[in-house]
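Trainee: I would like to learn how to read a model like this one. Could you take me through it feature by feature?

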Amino acid sequence: MRTALSSVLLEAPRAAAIWLGLLGVVTLAVAGLLLRPRFFRSDAGTRIREAALPSRSEHSEHRRDQERWAEEVTVAADRADATARHRRDEWLAAQDEAEQAWRAYEAAEADVRRLSSAAGMPLPQTSRTPAEYADRERWLHRAALDAYWRRELSVEQLSDVFAHRGWDPRLHPVEQELMLRRAVRDHLLARQRTAREREQTTWRAAELAAAAARSLREEAVSALLPAAGERESVLPLTTPGTAEQTREIPAVVVGRAPVAAY
């Protein structure tokens with residue numbers, strides 16, 4: 001009994017020292033937790049945010065894809081601009097052609113009105129001989145051929161003149177000239193209508209090409225703009241002792257505008 005008691009008394013100071021040390025460590029930990037809680041708090045929100053955000057490799061790959069897409073859209077926009085300019089030049093040329101055709105038709109219509117007014121006057125009397133009829137026929141053929149070379153008659157109309165389909169070479173040259181001027185007027189009117197239709201078609205093509213070029217240019221500008229800065233946090237986090245805060249994440253739609261192929 002005496003030996004056991006002496007051993008306990010010998011170990012008591014050592015045990016007390018150990019307990020006092022443990023108590024001091026706990027006290028320091030509690031004091032530190034109360035004074036500086038951020039040093040000991042497990043930052044779970046940071047780890048969750050880092051896991052939610054893309055890695056550097058993924059971000060670099062995404063950035064390379066954006067730059068590649070911006071280059072492709074820029075090239076397509078340049079080609080669309082060139083196509084739009086070409087379509088506009090075609091429209092301007094068709095517009096000039098339509099205006100020239102209209103002026104030619106107006107001149108032919110004025111000739112028809114002038115000759116129609118003169119047709120009421122008595123025709124000069126000529127001898128009706130085979131030679132006279134041959135001269136009238138030659139005059140008609142020569143006048144029709146000259147009008148054809150001036151692009152005032154079509155090939156079909158010239159063939160009708162030489163085949164005497166609807167044409168009487170025995171008529172007086174004044175009457176033949178009136179018929180010829182009427183044929184020229186009809187041909188120029190048909191050509192003016194064709195030129196006007198071509199002008200309308202080229203105008204619509206130019207408008208479509210310009211709209212496609214504008215769309216591609218806007219897409220190229222948006223692709224070349226720098227990406228917006230990332231948010232500091234992508235998840236709503238709360239901290240002890242503070243009110244709950246939330247942050248809305250804007251919806252970003254990434255897409256490609258329709259590209260017209262040429």
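Mentor: Gladly, and we can begin with burial: buried means under 20% relative accessible area, exposed means over 50%, and partly exposed is in between, with a 1.4 Å probe and protein chains only as cover. Please keep in mind that this is a predicted model, where local features need pLDDT of at least 70, side-chain atom pairs count only at pLDDT 80 or more, and totals for chains, interfaces and linings use all residues. Residues are numbered from 1 along each chain as its sequence is written, and side-chain values use heavy atoms, with hydrogens and water left out.

Trainee: Let me try the idea on one residue. Is Gln192 buried or exposed?

Mentor: Gln192 is buried, because its relative accessible area is 8%. Gln192 sits in helix 7; helices here are DSSP runs (H or I, at least four residues; strands are E, at least two), numbered from the N terminus.

Trainee: Which residues does Gln192 contact, leaving aside its neighbours within four places in sequence?

Mentor: A contact means heavy atoms within 4.5 Å. With the neighbours within four places in sequence left aside, Gln192 is in contact with Ala98, Ala101 and Trp102. Ala183 is another helix 7 residue to look at, and Ala183 is buried with a relative accessible area of 10%. Not counting residues up to four places away in sequence, Ala183 touches Leu153, Gln157 and Trp167.

Trainee: Which residues of helix 5 are buried?

Mentor: They are Glu132, Arg136, Leu140, His141, Ala143, Ala144 and Ala147. To read such a list, recall that an α-helix has 3.6 residues a turn, so residues three or four places apart point the same way. The cover over the buried residues of helix 5 includes helix 6 (155–163) and helix 7 (173–224). Just after helix 5, look at Arg151, which takes a positive phi of about 65°.

Trainee: What should I look for in a nonpolar core?

Mentor: In soluble globular proteins, nonpolar side chains tend to be buried together. A nonpolar core is a set of buried Ala, Val, Leu, Ile, Met, Phe, Trp, Tyr and Cys residues joined through side-chain atoms within 4.5 Å. In this model the largest one has 15 residues, and those with the most contacts inside it are Ala144, Leu153, Val161, Trp167, Leu180, Val184 and Leu188. Helix 4, helix 5, helix 6 and helix 7 each supply at least two of its residues, and the largest share, 5 residues, comes from helix 7. A second, separate core of 9 residues includes Val73, Ala209, Ala213 and Ala220.

Trainee: And what does Leu188 touch, not counting residues up to four places away in sequence?

Mentor: Leu188 touches Ala101, Ala104, Tyr105, Ala108, Arg151 and Glu152, again not counting residues up to four places away in sequence.

Trainee: Now for charges. How many salt bridges does the structure hold?

Mentor: A salt bridge is a side-chain nitrogen of Lys or Arg within 4 Å of a carboxyl oxygen of Asp or Glu. The structure holds 16 of them. In one, the side chains of Asp78 and Arg217 meet at 2.8 Å, N to O. Asp78 lies in helix 4 (residues 56–118) and Arg217 in helix 7, so this pair ties together parts that are 139 residues apart in sequence. Asp78 is partly exposed at 41% relative accessible area, and Arg217 is partly exposed at 28%.
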